[in-house]
Structures are given as structure tokens and as C-alpha cells.
Amino acid sequence: MKYKSVFDIIGPVMIGPSSSHTAGAARIGRVARDLFGKEPTWVEIRLYGSFAKTYKGHGTDVALIGGILDFETYDPRIAESMDIARAKGITFEFIEEDSHTDHPNTARVKVGDEQSDLELVGISIGGGKAEIIELNGFELRLSGSHPAILVMHNDRFGAIAEVTQLLAKYEINIGHMEVSRKEVGKEALMVIEVDQNISEQQLEELATCEHILQVARVVE
Amino acid sequence: MKILFRNVAELVERCESEQLSISDVMIQQEMNVREQTFEEVYSQMERNLEVMEKAVEDGLKGVQSVSGLTGGDAVLIQEYMKNHTPLSGHTVMDAVSKAVATNEVNAAMGTICATPTAGSAGCVPGTLFAVKHQLNPTREQMVRYLFTSGAFGFVVANNASISGAAGGCQAEVGSAAGMAAAAIVEMAGGTPAQSAEAMAITLKNMLGLVCDPVAGLVEVPCVKRNAMGASNAVVAADMALAGVTSRIPCDEVIDAMYKIGQTMPVALRETAQGGLAATPTGRELEAKVYGVNLKKE
């Protein structure tokens, strides 16, 4: 089921005007920020479908930047997020795309700084809910409304076991898990939705496991 | 995680077999899903109720959107009601004015609670704060009103859609109005089955409603569609309480809504390409809002 909670229906409390184009967009931005793990210095966002047609009127652009600045959907600062980003020296660009996507409210978000970058595709599915369907070229499904860990790793035996053993050690329960890879033996991605937030230290410990290339988390 | 209902039929059946109200079942399911206590779930909904109250209050003082397309109508209606007896009745017009107030605040980038979306945020609180003058509910009954409407929205969201971009306005204001109708019935002392009938009757009369916002803004015609959604909800609730039933069961109406949404042209699904958005005046307003003449077919 796409919607699990009554508060997905009666909620979220948010700054208007559109749950799918404002609140959902802010969530996509915030997941990008969470996964990047720090404030980026540049942002490039491609908008598709209804997002591309109506983003100015709905404040979709403002909301995406607000999310990237780590603002919640109900944070009044969302309305001024572009000015705040400019003041921080963050550069951003919005590109309207004509091509067709499966979902009408789709955004491809690239964020980065001098050291690294991250690219994800988010869809806003209605009522303020969002899903991440692609991360750095990997297909995935991530709601952004549960705590989650994303682990980029080498596709080797034992890599998954090592990560799950560590989670077991900290008594962290896994609600949903997906593993995907582009090619056998190359880079792979684990997406693990968990029941409670992961601490910074636990994340660092995960990063030291064998075959692990990079870890990131989504906090609730 | 134990899901107690997946559709309206299961919801009503559970209420009847266990002698529970719809809000009881929704609260229980939420406690299961979140592994939280009654108090935790209840108090979060009470906070949402407070946000709705504040939004209506702000809207009735009069607000203007940034674009200037909407604002001030809630005040006009309230003034009219002070000096006239509304032809459609006091409760209906009160619901209309409070639905409008909520959506005017939303358009003005104020704080609202999405029910189920921001564009359709007026129907549920608008009706609630209007029928309360006649039904004199306790605070708990008002919070339960939101759980009951949430239960029906939950079914629609999981079996159809609550997104205008995916299913048109029928999925947003249509769902919201149906949710409100079902909640009014429970508050007025109707049965769970009557709530389902009220939802079905309302949604049937919202089928096919397209999403065609002028300039892509959640303003024209969204604010007034919430007004009509609220009035539709009050009327349908009265019909269901009178014992009128829908020949098409509620779940099948929801399914029909979903299929209509899937076949709705993209131009009429929140792209600002067709319908009212594409009228000469709609285009003129769009050009004025953006200060440019946007080229669109």
C-alpha cells in the first residue's frame, strides 16, 4: 500500500499552495540533502511533466531549494529559500524538460560541492508524499518518510551479511530492503528502510565494513 | 503492522461486526502501523485540528494571494450571511465560506493542513467548523471527524489517487468532499454504512472533474471548487442520513474515479494546458501573473 498512515491523508501541515508541487517537492529536496549529507554548493534540477509546466506558480522551485536547505514542509522559511540559498553562495539552476516520464511530477536533482556530487530522481505522488526512484543511476524505491540507510558497495559475497549483522548488533530492525546492481561484480546499492533513526557513529561504523564504498542515511 | 481495512466494504464490515465507529477503526489501525498509543495518535490529530482552526480564522479576516487572483471571498460570504438569510441555508453557506477561507490562506502561502491535499484542504475543515454549530460536538468528536474523513481518504489514496496531476480534480476535491460527507454522517449520529453512502453519493457527483488551474496556480478555480465540494458534502450527508443509498457501491465509485483519471487527457491534469487555464481570460491572467506572454498550445 502506497499510503500507510492516516497522517498521509490528514496532513502534512505545510506551507501552501500545493501538496504535490510544494510539500512533495520539499521532501524530494530534503532527501537529496540527507543523502548528500551536507549542504551542497551547487544544485541543478531538471523538471518534467506537470512540474515543468507549473513550477513557478506552485513554488516547486522554491520548495525544492528549501528541502535542499534542510527545511521541513511546514517551515515558513521555504517561502524565502531562494534568497537564503543565494546569501549562502549556493548556485542553482532549473531546467524545464519536455520528455515524457512515467509520473507527471518528476524532478531530477543533482547536488554537489568541490569534492563530490549526487544525482537522484524523485516523484511527488500526491498529498505531500514523495518517492525516490533513482539514485546515482540505480533504480530504487525510497519513500523518504521512513528512516533509511543507503549503502553503495562492491558486488561481493558477504557484503550484505556484514551490514545486516552490524544492524542486528545495534538491535535495528529492517522494515524493507532492496539490493540492486548495474553489472555483476561491479558497484551495487543496498536500500534499507529501518524502524528507527541511525546515529552518526553507527553510520561511520557501517562505512568501515569490507566492500563498502559509501553510506548515507535518511532521518525521520 | 496490521492493516484493518483495504477498502470501504471491509471498513464498514469491521465497524458493524465489532460495533465500532469508523474513527475507532482508523485510530486502531494507526496505532498498529505506528506502534503508538491512543494518546500519541490522538494528540497528533488534535494538532492538525488546531492548524485548521487557525487557517479558517486567518481566512475569515481576509487574505490576498501573491498573484492577486484570490482572496477576500470568505469575508464577502460571511458579511452576506450577517445581512441575509442564505437561500441554500446557513450551514451550507457557512461551510462554503470556511472552505474558501482555508484555500485562500493556502493560496497566500499560509500554513494549512493538507486534507488530503493542499489544493483540496478546504472541504474537510470547512464542513467541520460549519456543522459544529448545529451538532455541538465535543472536542474529541471534532478530532474523530478528522480520523473518519482520513479513513475514507486512506482507501481512495491506496485504491485510486488523491493527486490532481494523476487523476484530475475529482481525485482531490472529489475525494475531500466525499471524506467530509462521511465524517459529517458519523458526527450527526449516522451509521458507518451511511457514511459510506454519503461518500459514494458525493464522489459520484464529482466524477470527471478536471484539474485545470489558471497559470498553474492553486487558486482559480480551486478555491471555489472547495466551496462546491463542501456544499456537496453537506447535501450528500443529509441524503445519506435520510436513508438514501447509492446504487453503485462506494468502492466501485472509487474504482470508476481511478479509471476516469487514467483516461483523462494530460492537458486536464494539472498542467495548465487545457480547460479554464486555456480560456482567453485564463491566458490573460497567466500573462499578467508572470509578467510575460507564455506560449502554450
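In the predicted model, A118(B) is in contact, once its neighbours within four places in sequence are left aside, with residues of both chains: M14(A), G16(A), P17(A), S18(A), S19(A), T22(A) and A23(A) from chain A, and N106(B), I112(B) and V218(B) from chain B. The residue is placed in the loop of chain B that runs between β1 (111-113) and α6 (123-135). Because 33 other C-beta atoms lie within 10 Å, A118(B) is buried.

The strands concerned, β1(A) and β1(B), pair in the antiparallel sense over 3 bridges.

Taken over the chains as a whole, 36 residues of chain A are in contact with 45 residues of chain B. On the side of chain A that touches chain B, two or more residues are given by each of β1 (13-15), α1 (19-36), α2 (49-58) and β5 (117-126) of chain A, and among these elements α2(A) gives the most, with 6 residues. In composition, the residues of this side of chain A divide into 16 nonpolar, 15 polar and 5 charged.

Notes: Residues numbered from 1 in each chain as written. Chains lettered and ligands numbered in written order. Predicted model: local features only at pLDDT ≥ 70, side-chain atom pairs only at ≥ 80, totals over all residues. Helix = DSSP H or I, 4+ residues; strand = E, 2+ residues; numbered from the N terminus. Buried ≥ 20, exposed ≤ 12 C-beta atoms within 10 Å, placed from the backbone. Contact = placed C-beta atoms within 7 Å. Nonpolar A, V, L, I, M, F, W, Y, C, P; charged D, E, K, R; others polar. Pairing = 2+ DSSP bridges.
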